[in-house]
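These are notes for a colleague opening this structure for the opening look. Please read them with the sequence and the model side by side.

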Amino acid sequence: MSVRIVIALLLFLIFASCPARSTEYLWCHDADQVLFDFEPATGVLAVSHRATMYNCCPDPVWWDVVQEEGVITITENVGVEMPCDCICCFDFGVEVGAVPAGEWTVVFAWLNEEDHLWHQESTQLSVAGAEVDSSDVRTLEVVGRTQSPCLSTAAVPDPPVDAPSWCGVKACYR
């Protein structure tokens with residue numbers, strides 16, 4: 001048997017043994033966690049979006065924050081002008097300042113990269129003080145933001161041991 005045939009056969013066996021789904025699996029698949037925290041002394045609402053899956057080059061990342069009729073809506077937006085050829089797991093966070101007094105439903109929304117649908121999480125927030133007219137539409141100020149690099153792990157359950165990922169390698173060489 002010629003060397004070329006042996007090499008071709010070995011390559012075929014190697015690639016044929018890789019399940020197709022393993023190239024698409026990331027440990028953070030469907031692992032999004034949204035955490036809300038309010039600091040009454042400063043009036044700052046912090047929202048953490050952990051283990052979210054986006055293109056490895058999320059630039060820019062911004063949050064639109066609108067207060068209207070008893071609801072504060074925070075929408076996470078990720079722009080990708082020149083996307084990388086990979087998907088990564090991230091931890092994002094946003095802090096919104098000067099939340100007015102009153103009873104609020106806080107809604108956090110994001111476009112999920114996995115199913116290309118809008119998802120949301122919500123919580124109730126009670127802020128003491130002189131209440132404002134909740135029918136006024138106002139844009140609240142983003143006073144802080146955080147973005148992790150492409151994560152290999154986070155504060156969510158670990159991926160299965162047999163789940164391969166090229167995310168870290170691709171992110172280093174983009």
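1. Start at Cys 28, which counts as buried at 0% relative accessibility; buried means under 20% relative accessible area, exposed over 50% and partly exposed in between, with a 1.4 Å probe and protein chains only. Cys 89 is buried too, with a relative accessible area of 1%. Cys 28 and Cys 89 form a disulfide with their sulfur atoms 2.1 Å apart, a disulfide being a pair of cysteine sulfur atoms within 2.5 Å. The link is left-handed, with -80° about the S-S bond. Because Cys 28 lies in the loop between α1 (3–16) and β1 (33–39) and Cys 89 in strand β5, the pair ties together parts that are 61 residues apart in sequence. Helices (H or I, at least four residues) and strands (E, at least two) are DSSP runs, numbered from the N terminus.

2. This is a predicted model, in which local features need pLDDT of at least 70 and side-chain atom pairs count only at pLDDT 80 or more, while totals for chains, interfaces and linings use all residues. Residues are numbered from 1 along each chain as its sequence is written, and side-chain values use heavy atoms, with hydrogens and water left out.

3. How many disulfides does a search of the whole structure find? The search finds 4. One of them joins Cys 56 and Cys 88, with the sulfur atoms 2.1 Å apart. With 90° about the S-S bond, the link of Cys 56 and Cys 88 is right-handed. Cys 56 sits in the loop between β2 and β3 and Cys 88 in strand β5, so that distant parts of the chain, 32 residues apart, are linked. Cys 56 counts as buried at 2% relative accessibility, and Cys 88 counts as buried at 0%.

4. Another disulfide joins Cys 57 to Cys 84, at 1.5 Å from S to S. Cys 57 is in the loop between β2 and β3, and Cys 84 is in the loop between β4 (71–78) and β5; this pair also links distant parts of the chain, 27 residues apart. Cys 57 is buried, with a relative accessible area of 15%, and Cys 84 is buried with 13%. Cys 86 is buried as well, at 8%.

5. Why is strand β5 (residues 87–97) described as largely enclosed by the rest of the structure? Because 8 of its 11 residues are buried. Strand β5 pairs with strand β2 (residues 44–55) in the antiparallel sense over 9 bridges; two strands pair if DSSP finds at least two bridges between them. Within that pairing, Met 53 has Cys 89 of β5 as its bridge partner. Strand β9 (residues 141–147) runs antiparallel to β5 and is joined to β5 by 6 bridges. There, Glu 95 has Gly 144 in β9 as its bridge partner.

6. Strands of a sheet pair through backbone hydrogen bonds, either parallel or antiparallel. In this model 5 strands form an open sheet with mixed pairing, in the order β7-β6-β4-β3-β8. Its edge strands are β7 (118–127) and β8 (138–139), each pairing on one side only. Strand β3 (residues 61–68) and β8 run antiparallel and are joined by 2 bridges. Val 66 stands opposite Thr 139 in β8.

7. Aromatic rings come next. Rings of Phe, Tyr and Trp (its six-membered ring) pair if their centres lie within 6.5 Å; planes under 30 degrees apart count as stacked, over 60 as edge-to-face and the rest as tilted. The count by this rule is 4 aromatic pairs. Among them is the tilted pair of Phe 108 and Trp 110, 5.8 Å centre to centre with 35° between the planes. Phe 108 is buried at a relative accessible area of 1%, and Trp 110 is buried at 4%. Ring pairs also link Tyr 54, Trp 63, Phe 90 and Phe 92 into a cluster.

8. A last point concerns confidence. pLDDT is the predictor's confidence in each residue, from 0 to 100. The protein chain averages 78, and 70% of the residues score at least 70. Among the elements of the chain, β7 has the highest mean pLDDT (96) and helix α2 (residues 167–172) the lowest (44). Over residues 17–24 the pLDDT is below 50, and this stretch has 1 contact in the model beyond near neighbours in sequence, where contact means heavy atoms within 4.5 Å. Residues 154–174 are also below 50, with 30 such contacts. Where pLDDT is low, the predicted coordinates should not be read in detail.
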